[in-house]
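Work through the exercises below with the sequence and the model side by side, and try each task before reading its solution.

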Amino acid sequence: LANTKDISRRYAARGIHIGEDFEALRYMPLSKLDLVADSFRFGSSFLLGAEGALLGGATTLAEGIPGAQLIIPALLLTDVTSSMTLLSRHTCRVATAYGYPSKRPDNLPHLVAAMAPQTDPADEGYLALKTAVITSIRESGQFMARTTGVLLDRQVLEREAPQMIRLITYVADRLGVVVTQKEVGILVPIAGAVLNSSINLAFQKVGHQTAKDYFRRLILEERYGEELVSYAIQQEVAALRN
């Protein structure tokens, strides 16, 4: 998943020639490792955003095309697997940039741990939120297909419309814009694309920072010991709370 040659080139551009000895990176200053790890953020965000927008919009449009509903399960599966693959790929790149090459099997537990959320376990995970977004997109597409030729008055919107369509019409009302059924039909796929893309970008941002924090701590524990690092973190947390 991680192109090690690309990572080597990014270090070489900063005057650091490592060849294939990525483990040696663990002894370098963290500030230099951070720069290379952060250099992958834009590219990964662009790919995840584009993937989410493309498949989010396609799923919404497919609901309104006769016969196209048959490919919706394939679109949903492609969306989830593609986004998870891109998130995993980014974590592999960050791991390699910090001296834990993803191609080594003994680093697999670190890769899995670096992708695990470090927040409250009650928080919604990626798959749970992704499922909610996909469900909302599908409901909106089904509603628009079902109400073709029907006047979308306020009573119909309040009684039957999914949350996404209600939000579109609410924003339009607040802006003083009159939205017709045709315009709603155009806006729903756009809203689905934006919503799906936004979820990908949000988790990309969180995942990037989580992976960085994990490998930074791992390197510090190798240098100074787990107890000392844990104590220093506790002191910083206490200082921030005060």
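**Exercise 1.** Of the 16 residues of α10, how many are buried?

Solution. Before starting, note that this is a predicted model, in which local features need pLDDT of at least 70 and side-chain atom pairs count only at pLDDT 80 or more, while totals for chains, interfaces and linings use all residues. Residues are numbered from 1 along each chain as its sequence is written, and side-chain values use heavy atoms, with hydrogens and water left out.

Step 1: a residue is called buried under 20% relative accessible area, exposed over 50%, and partly exposed in between (1.4 Å probe, protein chains only). Step 2: by this rule one of the 16 residues of α10 is buried, so the helix lies largely in the open. Step 3: α10 covers residues 226-241, and its end C-alpha atoms are 23 Å apart, which agrees with the 22 Å that it should span at 1.5 Å a residue; the expected span is 1.5 Å times one less than the number of residues.

**Exercise 2.** Describe the secondary structure and the burial of the whole protein chain.

Solution. Step 1: helices (H or I, at least four residues) and strands (E, at least two) are DSSP runs, numbered from the N terminus. Step 2: the protein chain has 10 helices and zero strands. Step 3: of its 242 residues, 39% are buried. Step 4: with a contact defined as heavy atoms within 4.5 Å, residues 24 or more positions apart account for 74% of the contacts that have a separation of 6 or more.

**Exercise 3.** Find out which residues of α8 are buried and which are exposed on the face turned away from them.

Solution. Step 1: α8 runs through residues 163-174, and its 12 residues reach 16 Å from the first C-alpha to the last, close to the 16 Å expected. Step 2: the buried residues are M164, I165, I168, T169 and A172. They lie on the same side of α8 because they cover an arc of only 130 degrees around the axis, the arc being that of the directions from the helix axis to the C-beta atoms. Step 3: the face turned away from this buried side carries the exposed residues Q163, L167 and R174. Step 4: just after the helix, G176 takes a positive phi of about 75 degrees, and L175, in the loop between α8 and α9, is exposed with a relative accessible area of 65%.
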